[in-house]
Structure formats: structure tokens, C-alpha cells
Amino acid sequence: MIGNTMSRKLKKSAIPGVTIAQFVEDVPKGCTTPDFERKPITLTLSEGKNAIFRAVVKGEPKPEVLWKRSTGKIDDPDRYQTTFIPGTNEFTLQINKITQDDADVYRFTAVNDYGEAACSAGLKIIQGKFHQLIFFLSFTIWVSVLGKNLRTPKAAQKKEIDPDQVWQLLLNADKKDYEKICLKYGIVDFRGMLRQLQEMKKEREDKQAQYVYSIANLKHVRVNQEQANASFDVEMELKNLESRIYLYKDGEMVNFRLNDDNVKHCLRQVGKKYNFIINDLQPEDAGVYQIKIEDVDIFSTELEAENIPVYFRYPLDEARCHEQGNAVFQCTLYEPCFNAVWFHKKNQLKPNDKYEISVSNDGLTHHLVIKNAQPSDKGTYTIDIGRRTSSAWLDVEYLDGVSIKKEGQFHKLIIDEVQDKHAGKYKFEAEGVRTEASIFVEDPPNVNSELLEKLKKEPIVVKAGKNAIVKIPFEGQKPIRSSWLKDEGELLDDARINTEYSDNYTRLCISSANRKDCGDYKVKLRNESGSTEATFKLIVIDKPQPPTGPIEVVESSTSGITIQWKPPRDDGGKPIQSYVIERQQVGRKTWVTLGETTGNSTIFTTNKVEQDKRYYFRVRAVNAEGTSEVLESDEVMAASKVFPGPPAPPKIISANRGAITLSWAAPHKTGNSRILGYTVEKSKKGSNTWIPVTDLPITEKKYTVTDLKEGLQYEFRVAAINSAGTGEASAPSEAVFARDPMQPPGPVKDLKVVNTDYCSISLSWTKPGTEEESPVKGYIVEMRHTDMLKWTQCNALPIPMTAYIVRGLKPREMYFLRVRAVNDGGFGEPVELDSYVQTIPPIVQPKVLVKDTVKSFMIVKAGDTIRVRIPFEASPPPEVHWLKDGHVLTAKATTATREGVSQLIIPAADFSDSGHYSIVLQSEHGKKETFSFLVQVLDVPEAPGPIQLVERVPDTVTLMWEPSPTEKRDRNLNYMVMRRDSSKGSWNMVADLIYTNKCTVANFVPGRDYFFRVLAKNYMGVSEPSETVQPWSIHKERDYSQNETLKWRLDPGKKGGPKMLYSLTNHCKENCSQLLQTSSHLSWAIAARG
């Protein structure tokens, strides 16, 4: 447990609304702080439902999830249940049968050793609807009466706003409004807000770029007091016009309509401009409004409550009363008003015997009572409070058949025959007591039941070419809307089809009906009270279509031709009675009728043919309505007999020691006559002798051969027989032993998955334990998708190996697999894997596979291409990022990654491309692997600057030069110094690998002239030289082998030794200085005078 002195370091989460606190300064490699991959969302549910919060977290080590609520505890296991679902990696909190007490803010925390991540979500409870109230105060309504819900005005409550919405407001606000928003929502760290806001803007722009090309001219909420609405605008160009646009208020989705001012929320679009309008503004409309494209925030703005002009809490409602009754108008204001004025049409009303005008003591509720209402009192009534008006319509009706009876304390209102005009609100007043009730007259559409029953049982039959007319009369409250359908599809009017509508019937007219008009018809009738429908079947009868071709020649010979066809696709609604067959000889114009067949027979044989003659045949279908068009054949020749072709090799159905059962198919080529039967022959395996198994042709395509010797192996072949004779025999069947069937093999063992990837699954298993008793011939592998119930065979033929790779699968899909052994006895029992297998490769953490292929330091010549290939291993494929000096690569650089190799290419490298490069591999779970290397771009260095010669020591000279400009960007640059004797033409190197800008040179021959040059060097080569212009030399020394006599004189007036009569010359000084440096002993010959 970490002590209280621990410092918490805040981190940013990729999920908005999630805060992360890091407990330690440095998180160990391979470990991470917790974070939410999906956070719980605020829920709005009705009482009695179950609320389920879901969260998906990540972190290493695996975090623990804690659930809390702001007020109250979560300690009742019957109501609060927390679970973890391994398949989806979800943590859930389920609250059973929620009540109003469960409405709260719930906090979710994921904790491990290195930090914690926290977020919150709300639970809002919707109360059940008020029960309908029925007023019954000495007042009885003798028809069905429904009461209205009571509305009790509520003061506008201050709404809680999600922190995400505050950030969305800041993202879209002007900078001048930042301080106002921060003060309003309690943000105190203004600088921190600005930093985070900058990061969020970049992230939001990246998300918006998925759906829009551009966003401009954001206009926040504007309130129009005259029209009592508010609007806000945004201009944007969508990449996909099919993208869905959503409107949210305080985090909850709001429905809106396009270009419809009669709804609460409306969207008007003109080109790129989107204008959202909030009509009939009320205090509860205040809040934060957000526009989203799919799931991406586009624009947020706030409608503040103080900006909403509210006057009428409850405006005037439409009123209805019967003649001589009293009509009442009432409205309630938000602010007191004692000088309101009432109008009827344009006439001002004054209190009198006709009009009773009153206002409550608080000035909020206003009443107008129109007494003894007459038809002339109909019209619009308006109350004017100075700033706004409210209007409603009064309808005065004369009600006949209405009477009022009093029975003791009970007053009864009786309506003899209820009609539409009786609908409305009825009020009863007696001695200051008032009650009211509403009558809703419901009269749904009605069609005569006998007509409906007849239409269902008896189809409407019409002959082709005639008109089909169907009239459906109905009754019910007007208006009644009708719609026609055919085969559940809308029936639209066209040149032939016409639908008519009136107040009491609807009619369908189809002119010149044809077979395509057949079908199931339906008419739907609806009004405000309900709906009904009438259905019927329409049958149009006609002559049949031609028989279905082609006409096939079953048999053709010199003695006759047999043809065959298929029935018509449409018999015209009447059964086929017969077929008429005609023949025409090729080259002639006359058609000869050969005969007829019944409606059930589609084969005909004629012997009215001649050998080697060619004929055409045609067939007509006949029903009660007429004869169809003809079906004509190709040329048919009455040819000589042709033998049938060979059938396919026969198949072995079963075998035992006494009998073997075969089956076969008819040959593709039957000759020019039908197959009369087959002959079957047998042969012992390895023998060339074939023996018929019967003396007579076999008419079926299946036969059981007996007269076999047990234990021998046999082959069989089949030949077809037609009128020409026996055709060519088939190829031999598969060899089979005449012995009792072998037992199927047992189940395979140790079935397991060896490997998986995105498109294949590798399996292995071992042989069944019954291998000695029932030898295995091979194995069949089967699979099925988790969404399917049917098993599919993977290998067409049994495989002898005990391993198999199932290929061609879809990535990340789940499959069940099983294997069964096969032998001559059949299929063994299938063995299935314990659970499904998902087509994903095994997880391999990202790892860079760099050996000698990439060096940690690279030198590249300027102008060449930088090309680096980094091999790696990872499964599934990781995200690959390339960085230079910790930043994203420039547009000049390109990267490509595929099949475990990522490549960096920078063409025409220049000096700015030098730096530290890194490749970062990141797995789906956040695991990272990084490899870095240094790249230095160099070129042949530039020449050094001018050379200066300085003589500080005899017989030596120090060269000093200006550095090469390349030295600033190449720390490995060095210099080489060369000199040339004037007596020689060649340059000799005197110093190399000089990393400074000077060099001292010695070993000169006096009296000779020397020239010097300096060259800059690096890995790319040697620069042009910088040379001295003037020669430099050392003078020859004089011959000091003879002593020079120095004369001294003595000064008689001074004490001391002799004094030199003349001083040494400068030349002597120089030579003496040199001698002092080169000789340890110096002798002087001095001559002195007197």
C-alpha cells in the first residue's frame, strides 16, 4: 500500500470524461496505469426496469473495478449485482427494478498498483404516467367518456450539465466568452483549461475530418422574441451526403424534422448552411445543444434560461360549447398582469351580462366566460397582455337529442344518438362547485361484414381483355382515408389502373385486365378513430401460354419419331385440356396435324415419317378459353438407328459376403431412341474376363449382384440398350470385396488446434483406438460458423494424414470444427473441439528483429536516398509510427509497412535530415517496442579559409587557418597539412588528423622557400585545398668559426670592470639568441684596453 506522502500525477485519457491519476513517478516497463476503453453512459429509464451500466477497462496489471454512488450505498446483493464477462471483457453493474430512490450519479473507478482511472454516469428515472382522472360529482355521462391528464405547473429546475458538454461549449465558444463559461461552471484553473482545450481542438479536428471537408460560420443561439423561437447555424460540407445528423440537448438525443415549422425542433438546409430552429420556446428548452455527424461532435451552443421570453405558462385552448351554453377561456402567465385586454375577432370585450372577465389575486390566471353562447359568438378570442397575445377558437354547436335529467342529488346528461358534433368538453356548475368531463366520439371505418366474408371466400374472376371493377362501400367518422395494395405492395394509378375515393365508398377499376393483374388485393381504410381493411383475390382467365420448350427428341428412327415437351408456365387460369401436335417437312409450306394428347401427357410418337427426311414439329396447348401460341422444334431427321453411349462407372451402394448392390446413371448419349434397359457384367479384380450377371436387360438403374465368392474382389461395368442394340460398356466400377461390411472406425483422439491466423486454422489429432479392428481409410474435417447450424465438409476426399489446415476463412470470425475417421464400413463418430475457434493469429508482442541489418549510426551522403528497413514480429499487426527527434516525420519522408517489415525512405537527403530516428511498434493492448538510430547526412567538406603563418619558435612556423564551413555540422571533420619545397614540385604531408585550426611545422632547410596548403577531410572525402600565396623561408646562418675581438675601455672615474666600446648588432643579437638556445657552453674572445 502506498503511503499518504505519495504524489499523484494526472494524465490524459483518450476517452472524454475519464480522469487518470498516476501513483508513481515512473511506471515500470511492461506495466501501465488503468484507463477506460469504453466508459458507462448516462441512462434514462422508466420505473421498474433494470438498469445496466457497462464498462471496458485496460491496464497492466489488470485493474480492479469499484462501483459507488454519490448518495447512498450499493450493498444490497438482491438489487445491485456486479459481474465480469470474459468474452467481451466487460464489467457490469446491474440495478434491478429501479425506483425513484435509485436516481443518482454513479462513479466508476479502475485501480491497480500504479494508478487509477475514474469516470461517472447518471441514472435518470421517468415516473409513470398519471392515471386518467374521471370527474364524477353528481354528474353521470351515459356514453364512453375519457378524462384528460392533469398538468401541474412546475418551476424550472436548475439542470446538471455533464463536464463533457462544458468542454464542448468551450471548444465552440469565442475566446472572449471563456472567462464567462469558466465562472459559470466553476472552472478555476484557467491556464490548465487553455492547455487542455488546445489539445482537444486538434483531436476534434482529426475526428471531424472523417466526415466533413470544412466547417465555417458557426453562429450561436439567437432568440427571436417576435416568433418565440431560437435558432443556431453552422456551415459545413459533408464528405458523404448519406451521413446521419443528430441533435442532442443536455446529452440526450432530440428528434427533429426537415423543413417543418409545425414541430418543436426543425432543421432547414440550404446548400452548405444548416439552420436548427427551436419553436414555441419554453423555460424547459434551456440547455446545451450539440450537433453531431454520426458520433463526432461538430458544434455546441447553449440556450440560457434568462434569454427565453416566457409569458404564457398555459396559453388559451380551443373551446366548444352547445348553443345557449357557457363557453370558458382560461390562460396562466409566468408574470403578473392586471391590465389584460380581451378581444372577439377585432372587437374589444368589456365585462357585462354577456362576458364575465376575471383575474386571480396574483395576476397570473385570467378567465373569460361567454354566457348563453349563440352561433354568432363563434370565432377567434384573443387576450393581449401588452408584450404578447394568445388566441383560440370558439365553436358553438346546436345539439339535438341532448337532455338533462335530475334524479335526487344526481344530475344526468343524456345523449340519445351520439354523433361527431357531440364530442367536446362538458362542464357542470352548482352552487360554486365545478366539474368537467370530455366526450370523445369514436366511429372507426366499417365495411359490411357479409361483403367482407364474401370477398374472402369467393375470388373475383374476370376474362382477359375485360374490365375489372371492385367497389367497397363503407361507413364511419369523416374524413376516411383509403389506400389500395396488391400483394402487399402499394398499388399506383397508371393508364389502366384507377382508384376512386368518396365519402362512403372506394372503387378500383382495371381496364383490359390481363394475367399480370392476378393477385391478392387489399384496401385499407382509416380515420382518427381507427382502421379496417378488406381483402379479395382477383383471377384473370385467358388462353394458356405456349408449352415450355425445347421440344426434345426421345427417339428417332426410320419407323418413327417420339417427341416430348413441358407444360406451359401459365395455364391461363384454367386447366390444360389437350395438346395439338403438327408436322411440317423441311422445304414444304404445309403443316399436317398429327394428333392430340390429353392435358396430362406431354409425349407423342408418330410413324408418319420417311427415312433420311427432315421435319419440324410444333405443339399447341388448349384450355376452355382457347388455344395457345405454338412451340416449334428444331429440325428432326428420321435417321437410321444409333447405339447409346457408355454410362458413367457404376457406384457401389452396399456389399456383403453374399451380394453387392450397384447403381448407375443413364448415358448422356442415348442414340436416336429411348433406353430399353441395361446389361451388367462382373469381373474378378486383375482378370480381363467379363461375365454378364443376367440373361435379360435390367430396366431399373439399380441391381443387386449375387452368385459371388466370399473374400474375392470384384469390378462391375454397365452398358445401355436401345432399339439399335447394346451400346458401349462403361468404365469399371471401384473394386469391392464380397464380404460383410466393416465396422466404422472409432472416434479420433487428442483433437486440438495447432495454429491460427486470419484466414486458416491448423488441426492435429491421433488415430482412433480401434485401428486394429476397424482400419482407418482416411479422415473428414467439418466446420460450421457460429451463426450456422449446418456442418460443411472441408475436404472433398478423405485425407490419410492426422493433420489438416482449414483455409479460406474470414478474419476474426468464430468457427466450430470436428473430425471423423472413415473406412469401408462408413463414417466414425465425429469428435468436436470443446469450444469455437476464432481466426486470429496467436498474440505475439511487438519485437524489433534488428541484428546486423541496421546499424545504430548511419552516414549518408547528401543527395543520396536514406533507406532503412526494420524487420519485426508481432501478432496481430501493430501500429507503426516513425519519429525524428521525437516528432512526426516531415512530408518528404515516406514509410511503408507490410509482412513484418517497415521501411523508411527519404529521397535526396540534405543536412536537415540528420537526427535521431525512432520506430515505435504498438500493439492493440498498448504494448510498445522502440528502436532508435542516428543518421548523419554529410558531403565532401568545403575548403578551409585563408592560412596565416606565425613564427614563434626559431626554425618552426605555426599555420593558423579559418575553419571549413562544414565544421559546424560535422563533428568528425579533421584537417591535413601539406608543404612543398620550391626546389621540388611535389607536395608532402606533414600533419594529418588535426581537429583544431592550427598546426606547427618544423624541420626546414634554411634558405629554401616553402609553400603550405590545408585540406578538410571527413568520411565523404577531401575538400579543395587552401594554399599560401607567398613563400616562406629560413635565412642562412653566418660563419662564426673566427672569434671577433671586442674592445673595452676603462673609465678612470668609475670603479668596476671593463666596458664594451660598441654594442652588438641586431644580427649578432639574433645569432646569439639562437646560440643560447642550441648550445650549453658559449666562449667569447674579448680584447680589453687599458
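Which residues of helix 1 are buried? They are Gln165, Val166, Trp167, Gln168, Leu169, Leu170, Leu171 and Asn172, where buried means under 20% relative accessible area, with over 50% called exposed and anything in between partly exposed (1.4 Å probe, protein chains only).

Hi everyone, a quick word on the ground rules. This is a predicted model, where local features need pLDDT of at least 70 and side-chain atom pairs count only at pLDDT 80 or more, while totals for chains, interfaces and linings use all residues. Residues are numbered from 1 along each chain as its sequence is written, and side-chain values use heavy atoms, leaving out hydrogens and water.

Back to helix 1, residues 163-172: eight of its ten residues are buried, so the rest of the structure largely encloses it. Helices (H or I, at least four residues) and strands (E, at least two) are DSSP runs, numbered from the N terminus. The buried residues of helix 1 pack against helix 2, helix 3, strand 13, strand 20 and strand 21.

Now for the largest nonpolar core, which has 24 residues. Such a core is a set of buried Ala, Val, Leu, Ile, Met, Phe, Trp, Tyr and Cys residues joined through side-chain atoms within 4.5 Å. Phe232, Met236, Tyr274, Phe276, Ile291 and Leu303 touch the most other members. Among the elements giving two or more residues are strands 13, 20 and 21, and strand 14 gives the most, with five.

Last, look at Arg818: its charged end sits over the ring of Trp791, 4.2 Å from the centre. That label needs NZ of Lys or CZ of Arg within 6 Å of the ring centre and within 35 degrees of the ring normal.

Notes
Contact = heavy atoms within 4.5 Å.
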